[in-house]
Amino acid sequence: QQQQQQQQTQQQQQQQQPPPPSMESQTQLLHPDSLPSVRPLVAQCRGGQPVVKHTPLTRNLTFDSPPGGVEKLKAAIVVEVKDAALVMPSINSFSFRYLPHLVLVDGKGQLLASKSVTFLTTFVAPKWVNTTTIAAIYKEYVSKPAGPVKRTRPCLYNWETGVLHIVEWTQNFLHHDIEFNAETQTFLCLRRAVQRPAVALVDEIFEVDLQGRVLWHWDGNKELPFDAQRWSAAGKHPDSDCVDFSVGYCKDWMHGNTIYWDIPEDVIYYNAKHQDSFFKINKRTKAIEWAVGRVGGFTLYDRYGRPREALFYKAHGVEKLGPDHFLIFDNDYFNTTRPHSPTNTGHSFVDGRKIESRVVEFRVDPVRKEAREVWTWVAPMGRMAHQMGDADRLPNGNTVASFTNTHTVSEATSSGKIVWELRLPRTPMWYVYHFERRMLRPLITFGPAVKEGRLETRSNPTVPLVLFNDVRLRYLAPATVRAFQGSRSVGQLAFNFEPNWRPTPVLLPVAVSEGLLDIELENADGVVGCAQLRLTPIA
């Protein structure tokens, strides 16, 4: 009777539970909370290679594009591998500014998959949120009696399942950039608004959940109000974005193009193109803690230690490399320090001024209010991009940059040697703004104590590892690293990957002091990377 009563109670509790979420794709689209709590300790690596040959992303890829569209895409994408030994093996995801395609391309230029939507619809700022899913702005034009009306919403697309989830949010005018936090299942959205009576365009930042509910809001009109004197001194001009608000003339005051969500620090780095500056925003208080660029009061130094008015002009794509350590794509557009030239002397000129688009790495000292350039890569001739652009640091130390209006994406070493390039047809239809990479698998590298795959050891050794997730995420992502000798487990450690492909140093304790080890690294999506190491006892 007690068992029957318990069963009846359990049935009643199950009936009282709310129904599961109606979004069919939720478990497929979104990042697992953590690794499985119990996993058989069975080696998945043999000889430094995975036993299972596929990754989740390569199992079920399809071409969701109209007839002829796939062949058109394949013909348009050209990749040149200039030095295969120095290129990071990768899968690349990107979209086009004026074409309705989202594509996956491997490192050799082979089109792996495509997702096409209706005409005049695009995916803006696609970014990986796990090994199978990207977040983006879904921008479309909806037919109305008075003419097409632009509509923008956050979305998630799973490459493996083919599920597209569009968030039904009543706001509009999302632009340039979007972030997604898989831990909280929320988007960070950049939205444009008109400030009156100045008739100036300002930016707002919203945090929105999967149901379109606003959880947090930053108002640029309040935190960075229009300054007529600063606007006049900068010599800006009306921007075409004003037409979205049925305004004949407006001042594009901020023109934000990057929101980097530093989730562990609860901070947002916001880049305002027309301020030639980026801002550190405390997400909890909404206050601007500091700004670096033409505004903010920092003393700026180039890599030779010379003071400069600004380190970048009309820049894009701020990335955080470490504490107060950043990378940015400097368009060098409207650089007022360059004199006008009446003739083109072989360099790239826009509006009578020479431009030298480049990628800039710099460090910030908020206490001393200084910013110092530590590395630059100036684009070669023909790669100057006065519009858009993006740059990312890769786990192998290379930098990949999208020179949007020159239809080229390049990967370069720290010395500036170009080792890989993707080229597209030279028309605005094929502009690539955000270019996102992921590795085939999580990456295992070794600390400096490991020489030529060998580590000299004593009793109770630890193996020094430097680890990278296969995708570039903004938060601390859980993972596990294991060591096997044959089929025997000799070490295991749970840890979190550092965000944004920063190196994650780990010391893995192992129960043996000699012999060959298979090291396997498993991320939260169950994707495994492999390596081998030989332990040699110290005599």
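Trainee: Where is Ser90?
Mentor: Ser90 sits in the loop between S4 and strand S5 (91–95). Keep in mind that this is a predicted model.

Trainee: Is Ser90 buried or exposed?
Mentor: Buried, with a relative accessible area of 5%.

Trainee: Which side chain does Ser90 make a polar contact with?
Mentor: The side chain of Asn92, at 3.4 Å.

Trainee: And what is Ser90 in contact with, beyond its neighbours within four places in sequence?
Mentor: Two groups by number. Asp106 and Gly107 are in contact with Ser90.

Trainee: What else touches Trp128?
Mentor: Arg472 does. Arg472 is in the loop between strand S36 (462–468) and strand S37 (477–485).

Trainee: Is Arg472 buried or exposed?
Mentor: Buried, at 8% relative accessibility. The cut-off for buried is under 20%, so Arg472 qualifies.

Trainee: Which side chains make polar contacts with the side chain of Arg472?
Mentor: Asp392 is one, at 3.4 Å. Glu436 is another, at 2.8 Å.

Trainee: Switching to aromatics. How many aromatic pairs are there?
Mentor: The count is 26. Take Tyr269 and Trp290 as one of them. That pair is tilted, at 6.1 Å centre to centre with 45° between the planes.

Trainee: Which strands hold Tyr269 and Trp290?
Mentor: Tyr269 is in strand S18 (residues 267–272), and Trp290 is in strand S20 (residues 288–293). The two residues are 21 apart, so the pair links distant parts of the chain.

Trainee: What other pair does Trp290 form?
Mentor: Trp290 pairs with Phe326, edge-to-face. Their centres are 6.2 Å apart, with 80° between the planes. Phe326 is in strand S24 (residues 325–330), 36 residues from Trp290. Phe326 is buried too.

Trainee: Which residues make up the cluster around them?
Mentor: Ring pairs link Tyr260, Tyr269, Phe278, Trp290, Phe298, Phe312, Phe326 and Phe362.

Trainee: Now helices. Which residues of H3 are buried?
Mentor: H3 covers residues 69–76, and its buried residues are Gly69, Val70, Leu73 and Ala76. Seen down the axis, they fall within an arc of 130°, so they line one face of the helix.

Trainee: What is exposed on the other side of H3?
Mentor: Glu71 and Ala75.

Trainee: And what covers the buried residues of H3?
Mentor: Several strands are included in that cover. Among them are strand S3 (63–64), strand S4 (78–81) and strand S6 (101–106). Strand S7 (111–116) and strand S32 (418–423) are included too.

Trainee: One more residue. Where is Gly529?
Mentor: In strand S41 (residues 528–537). Gly529 is buried, at 2% relative accessibility.

Trainee: How far is Gly529 from Gly48?
Mentor: They are 481 residues apart in sequence, but 8.7 Å apart in space, C-alpha to C-alpha.

Trainee: What does Gly529 touch, not counting residues up to four places away in sequence?
Mentor: Cys45 is on the list. Arg441, Pro442 and Ile444 are there as well. Ile519, Glu520 and Leu521 complete it.

Trainee: Zoom out for me. How many helices and strands in the protein chain?
Mentor: There are 5 helices and 41 strands. The chain has 539 residues, and 56% of them are buried.

Trainee: What share of contacts joins residues at least 24 apart?
Mentor: It comes to 57%, among contacts between residues at least 6 apart in sequence.

How values were computed
Residues numbered from 1 in each chain as written. Predicted model: local features only at pLDDT ≥ 70, side-chain atom pairs only at ≥ 80, totals over all residues. Heavy atoms only, no water. Phe/Tyr/Trp six-rings, centres within 6.5 Å; stacked < 30°, edge-to-face > 60°. Helix = DSSP H or I, 4+ residues; strand = E, 2+ residues; numbered from the N terminus. Buried < 20%, exposed > 50% of the residue type's maximum accessible area, 1.4 Å probe, protein only. Contact = heavy atoms within 4.5 Å. Polar contact = N/O pair within 3.5 Å; in protein donor to acceptor, adjacent residues only side chain to side chain. Arc of directions from axis to C-beta.
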